[in-house]
Amino acid sequence: MKKLFKKRIIIPVLAITFVFGAVGFKSDFFEIAKQIEIFTTMFKQLNMNYVDETNPAELMDDAIKEMLNDLDPYTKFYNEQDVEAAKIRNAGEYSGIGASVRRNKNKITIIEPYKDYPADKAGLKAGDEIVKIGDIVIANFKEDTGELLKGAADSKVKIVYKRQGKEYTTVLTRTKIEVDAVPFYKMIDDKTGYIVLAKFNKKASEQTKDALERLKEDGAERIILDLRGNPGGLLRESIAIVNLFVPKGEVIVTTKSKVKKYNRTYKTRKKPVDTEIPLVVLVNGKSASASEIVSGALQDLDRAVVIGARSFGKGLVQQPKKLTYGTQLKVTISRYYTPSGRCIQALDYWNRDANGNAVRTNESDYNAFKTKKGRTVYDGGGINPDIEISSQKTSDFTRSLIGNLAIFNYATTFYNQNSFASMNDFSTENINYEAFKQSVAASGMDYYETNTEKELKKIMSTKEASDFGNAVSKEYQELLASIEQSKLDALDTYKSQIEVELQNEILKRYFYREGLYQYQLTHDEAIKKATEVLANKSEYDAILN
């Protein structure tokens with residue numbers, strides 16, 4: 001028995017020593033083995049003895065996710081389906097119906113059908129609710145229902161969906177879906193080229209290079225690179241894209257970690273396409289990670305003027321680690337630093353407030369750094385543009401309206417009630433902002449619950465609160481009403497931001513994403529400013545010098 005006990009302890013210790021010792025990580029190996037042993041025996045006893053039937057897979061999945069939640073939102077456990085989804089995102093192609101979807105409560109909502117793909121050809125629209133796939137009722141299915149829409153090319157899938165309260169049935173034939181990193185590029189005028197870089201998948205640098213070269217052939221003497229809304233992706237692709245505009249051998253990003261082998265310096269490795277062409281990069285609060293490496297490097301090297309709103313502020317690098325049974329751990333391994341030496345991470349997940357939320361770095365605590373030509377730039381809160389456009393900012397309030405589908409749902413209602421023969425018939429004046437405000441107010445402002453509301457509701461739901469008496473209860477209700485009114489007021493405070501989001505969502509309904517990009521060429525405030533700056537050489541040079 002003693003030998004068996006020793007064997008059970010020594011083998012995990014040796015295994016853990018090998019894994020962590022190989023990277024120079026110092027820790028109490030016995031303590032790690034001890035905790036693993038405790039958890040294993042506890043998990044076994046729980047599943048064998050609990051009064052009701054348990055689901056070991058679900059319990060373990062919840063336990064792992066809860067443990068990782070204490071770290072940062074980017075360190076994640078991937079089951080087999082998650083691993084395949086990650087491969088698809090990076091590869092830029094898969095087989096399916098050609099639509100982005102969202103699982104919300106007991107339904108799947110079509111967020112955006114892609115032009116000329118099966119969902120679009122079958123007449124599916126944004127806002128349609130899929131209630132059944134094949135024989136599977138979505139409300140009764142707990143797994144990732146979005147995976148049911150994927151499958152081998154040329155295979156068929158029958159779906160039942162709802163639109164405006166009515167049910168419809170259709171059969172779609174899945175096909176290979178190409179996810180372009182560069183979904184749009186065009187000449188704005190006879191000298192200014194425009195490129196939208198939407199993703200950093202394996203196609204990103206190749207497609208950006210192709211777009212750049214084609215625009216130059218069409219006469220482009222200056223370029224706008226649009227990274228707004230780009231959440232990032234592959235690190236190597238971001239370096240390759242910067243390399244299109246800067247010489248070989250330039251330092252683009254440095255990663256620093258407690259693990260020595262992850263301390264690396266990444267330089268450009270190829271001959272550039274054009275190191276002289278005037279360049280503007282557009283960013284906003286949804287430009288993150290690889291987008292910030294590109295915009296930050298080009299800013300630090302004084303190679304581009306950055307216009308828009310402060311970027312998201314993700315300065316953490318992740319790497320997938322293979323686990324057993326086809327699963328993975330995507331783990332944060334290091335922080336990245338731009339050429340000037342700044343880390344633009346905005347949230348500190350290692351120091352949290354009383355509510356357990358990550359602390360945002362205050363502007364007063366930002367550190368100053370110098371670009372190649374001596375301009376002052378700062379760390380700590382994303383990439384701050386050289387020229388800020390107020391309408392490009394996204395407040396927490398506006399994000400909540402986007403995340404909780406308030407803007408999306410209004411766009412669906414608008415689309416069902418209005419029609420436009422062509423883009424020339426569309427105008428922002430067609431969007432009734434007062435009607436939007438009324439629709440949000442009618443929802444009871446459940447789209448945005450403040451921390452104050454959450455705490456108040458928590459307090460008033462306790463037993464002690466019931467003993468406070470009617471006077472306290474009345475004051476509580478009045479305070480909640482006051483908060484509700486302040487949220488209604490926020491619809492006016494952030495009107496310019498919200499109107500941009502409404503306009504973009506509505507345009508996609510009628511003219512697809514391509515139509516949105518086409519409309520923005522002549523109507524978007526940031527693109528107008530970028531075109532103006534590029535056309536004024538003295539202003540462009542003054543900003544970079």
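Is Gln 328 buried or exposed? Before I answer, please keep in mind that this is a predicted model, in which local features need pLDDT of at least 70 and side-chain atom pairs count only at pLDDT 80 or more, while totals for chains, interfaces and linings use all residues. Residues are numbered from 1 along each chain as its sequence is written, and side-chain values use heavy atoms, with hydrogens and water left out.

Gln 328 is buried, with a relative accessible area of 16%, where buried means under 20%, exposed over 50% and partly exposed in between, using a 1.4 Å probe and protein chains only. Gln 328 lies in strand β18, residues 328-337, a strand being a DSSP run of E with at least two residues and a helix a run of H or I with at least four, numbered from the N terminus. Leaving aside residues up to four places away in sequence, Gln 328 touches several residues, including Lys 76, Phe 77, Tyr 78 and Pro 320, contact meaning heavy atoms within 4.5 Å.

Let me turn to the sheet, which is open and mixed in its pairing, with six strands in the order β10-β11-β12-β15-β16-β23; strands pair if DSSP finds at least two bridges between them. At its edges are β10 (184-187) and β23 (387-388), each pairing on one side only. Strands β11 (residues 192-196) and β12 (residues 222-226) run parallel and are joined by five bridges, and Ile 195 stands opposite Leu 225 in β12.

Finally, Met 42 belongs to helix α2, and Met 42 is partly exposed, with a relative accessible area of 41%.
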